[in-house]
Every structure is written in C-alpha cells, then in structure tokens.
Amino acid sequence: MTEHVTTRRGRLLRRRLRGAVALALAGALLGGPALADDLHDIRDRIRKVEQQQDRTKDDRSAARDKAGELGDELEHTSAELVAADKKLKETTSKVAEARIALSEAEADLADAEAEARRIETELAVARANEAQIEESLAANEDAQEQSRSTIGAIARDSYKQGGLGSLATTLELLSGESDAVERMAMARTVLRVQDQQILALSVQQAQAVAEQDRLAGVRQDIDYLLAKAEANVVAKEQARQAAEEAKTALEALEAQQAEDKAALEKEKAKAEKALAAEQERADDLTAELRRLASKKHGLKAEEKAELDRIAKEKAAAEARRRAAEEAARQKAAEEAARQRAAEREAQRQREAAAEAQR
C-alpha cells in the first residue's frame, strides 16, 4: 500500500513538472510577435514587384524591337525620300529645259510663219509676174495671129492672081491706083511688108517661147516657194507640238513625283512620330524598371530587417524559453524536494506511530 501511494505520487509529480515546463515554454513563445505574417507580406510584395519587373522588361524589349523596326523603316523611307527628291529635282530641271525648248520651238514656228508671210509677199510678186507674162503671151498670140492673117492674105491673093499680076492687083487693091510704076513700087512694098510680117512672126514666136519658158520658171518658183513655206511651217509646227507634248509629259511626271515625295514625307513624319513614341515608351519603361528596382531594393531591405528582427526575436524567445524551462525545472525540482521531504516526514511519522503502537 505504501509503495503504491509512493509510485502514484511520483507520477503526479512528473506530470506537474512537465506541465510546468510546457506552460513556461508556451508563455515564452506566445509572448513573441506574429513574425511569419509580416515576413510573408513582405515576400508577397517582393514577388509582385518581380512579376511587374518581368512584365515591364518584356514590354520594354517589345518597345525596343518595335523602335528598331521603325528605325529601319525610317532609314529606308529616308533613303527613298532622298532618291525621290533627286528624281524630282532632275525632272524639274528637265521641265525647265522642256519649257525653254518649247519657247524656242514656238519662236522657230513664229519665224517660220513670218518666213511664210514673207514668201507670200514673194508669191504675190511672182503671181503678178505670172499674170503679166500671161498677158504678154496673150498679146503676143494676138500679134502672131495678126501677122499670120496678113501673111495669109498676101499669099492667098498672090496665089489667085499669079506672079506680078497678082502683086499688081494686090497693090491696086491696097492703093486704089492703076499706074504700072506705082504698081511695081507697091509690089516691092508688099514684098517688104510680107518679109516684115514673116520676120515679126518669127520674132513673136521666139518671144512666145521665151515668155513661156519664163512663165514655166515663175510657176516653178511659185511651186517651190509654196512647198518650202508649207514644209517649213509643218516642220516647225511638228517640232512645237513635240516640244509641247514633251513639256506636258514632264510636267505630269513632275506632278506625280512631287505627289510621291509628299507621300514619302508624310510617311517619314508618321514613322518619326511612331519611333519617338516607342522610344519614349521604352524610356518610360526603363524609368519604371528603375522605380521597381528601387522598390524591390527597399523591400529586400525590409525583408532583411524583418529577418534580422525575427532572428533577434527567435533568439530572445529561445532565451526566454530556456530561462522558463530552467525556472520550471528548478521549481519542479524544488517541488520534488519538498514532496520528497514531505514523504519522508510522513514516512517518519508513520514509522513513529507504528513504533508507538508496539
């Protein structure tokens, strides 16, 4: 019975000792701050900042790639614009030359038209000469007809009368006299008249041939002058037309090239604006990355400070735990000592009582 009581009291003492130690440890641990929650919050914010950094880096990389593409496009557009400007300047120079050529062609045409008018004056003179020659030929033809008529009349009368008789008759017819001597004189006169008429007819015929040759020459000159004037005007008109067509074509080309250049300038301005926007966006993202890096650095500093604080708190808690455990052990030991002393006293009293009963 005594041993059973002693064993039960020992177990009770050990339970009390463990309870005291556990209570002391719980007090030491519950006395510290909510360390895990604060550190988790800091690390969660760091993760969010790092995610923002990753997204911002991707965005900046995309912006830089886009800026590079726009830079290449701008360089290409600038090269095209330089080439277009060069072509436009060359065309503008050609247009100026074409306008000069057209002015020269118009001046040549004006000269040709003036020459045509001058030739018209010459033609008027030539036509007047032609009319004069035609009149001269007509008069010559009349004179020849008169000469042939006179010669024919003399020949017919001489044939009808035969020899001198016919001449005498002819003289009588001409003079109205019948004297023989006079008839002989008249016969000689008739012969002279006949010879003169024959000579005049020969001269008239020669003059007619000469006038006809002259008329043919004048008409040939007229034809030549007309052909020359017409050909000259036609050639100059064709040259003027060709110059005008060349000028018109070059002006159309100049207008098209000016339009192309304006479109390229607009495209270049658009590319420059887009490039500036992408560069600005990349710069903004770089600034954002610097801000996030600074924020992360601050959070890392907070994390380190929190870890340092947690370490200190853990060290303090551990010290408190050890102190509490030591105090609990000491208290338990004292309690155990008191218990043992009480048990010894109780045992002594029981033994004394038993001794007294004997």
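Hi everyone, and thanks for having me. Before anything else, please keep in mind that what you see above is a predicted model. So how confident is the predictor? Averaged over the protein chain, the pLDDT is 76, and 75% of the residues reach 70 or more. Over residues 1-7 the pLDDT stays under 50, and the model has 3 contacts beyond four places in sequence for them. Residues 27-34 also have pLDDT under 50, with 7 contacts beyond four places in sequence.

Now, on to the core. Which residues make up the largest nonpolar core? There are 11 in all: A116, I119, L123, A126, I133, L137, L215, V218, I222, L225 and A229. Two elements, α2 (35-161) and α4, each give two or more residues to this core. The largest share comes from α2, with 6 residues. As background, nonpolar side chains tend to be buried together in soluble globular proteins.

Is A67 buried or exposed? A67 counts as buried because its relative accessible area is 12%, under the cut-off of 20%. Once its neighbours within four places in sequence are set aside, A67 is in contact with L275, E278 and Q279. Here is a pair to find on your screen: A67 and A276 are 209 residues apart along the chain, yet their C-alpha atoms are separated by 8.2 Å.

Next, let's move to helix α4, which spans residues 180-357. K247 sits in this helix. Its relative accessibility is 15%, so K247 counts as buried. What does K247 touch, leaving aside neighbours within four places in sequence? The contacts are A98, R99 and L102.

My last stop is E306, another residue in helix α4. E306 counts as buried because its relative accessibility is 10%. The side chain of E306 is joined to that of R309 by a polar contact of 2.4 Å.

To wrap up, here are two things to remember.

Methods. Residues are numbered from 1 along each chain as its sequence is written. This is a predicted model: local features need pLDDT of at least 70, side-chain atom pairs count only at pLDDT 80 or more; totals for chains, interfaces and linings use all residues. Side-chain values use heavy atoms; hydrogens and water are left out. Helices (H or I, at least four residues) and strands (E, at least two) are DSSP runs, numbered from the N terminus. Buried means under 20% relative accessible area, exposed over 50%, partly exposed in between (1.4 Å probe, protein chains only). Contact means heavy atoms within 4.5 Å. pLDDT is the predictor's confidence in each residue, from 0 to 100. A nonpolar core is a set of buried Ala, Val, Leu, Ile, Met, Phe, Trp, Tyr and Cys residues joined through side-chain atoms within 4.5 Å. A polar contact is a pair of N or O atoms within 3.5 Å; within protein, one must be able to donate a hydrogen and the other to accept it, and residues adjacent in sequence count only if both atoms are side-chain atoms.
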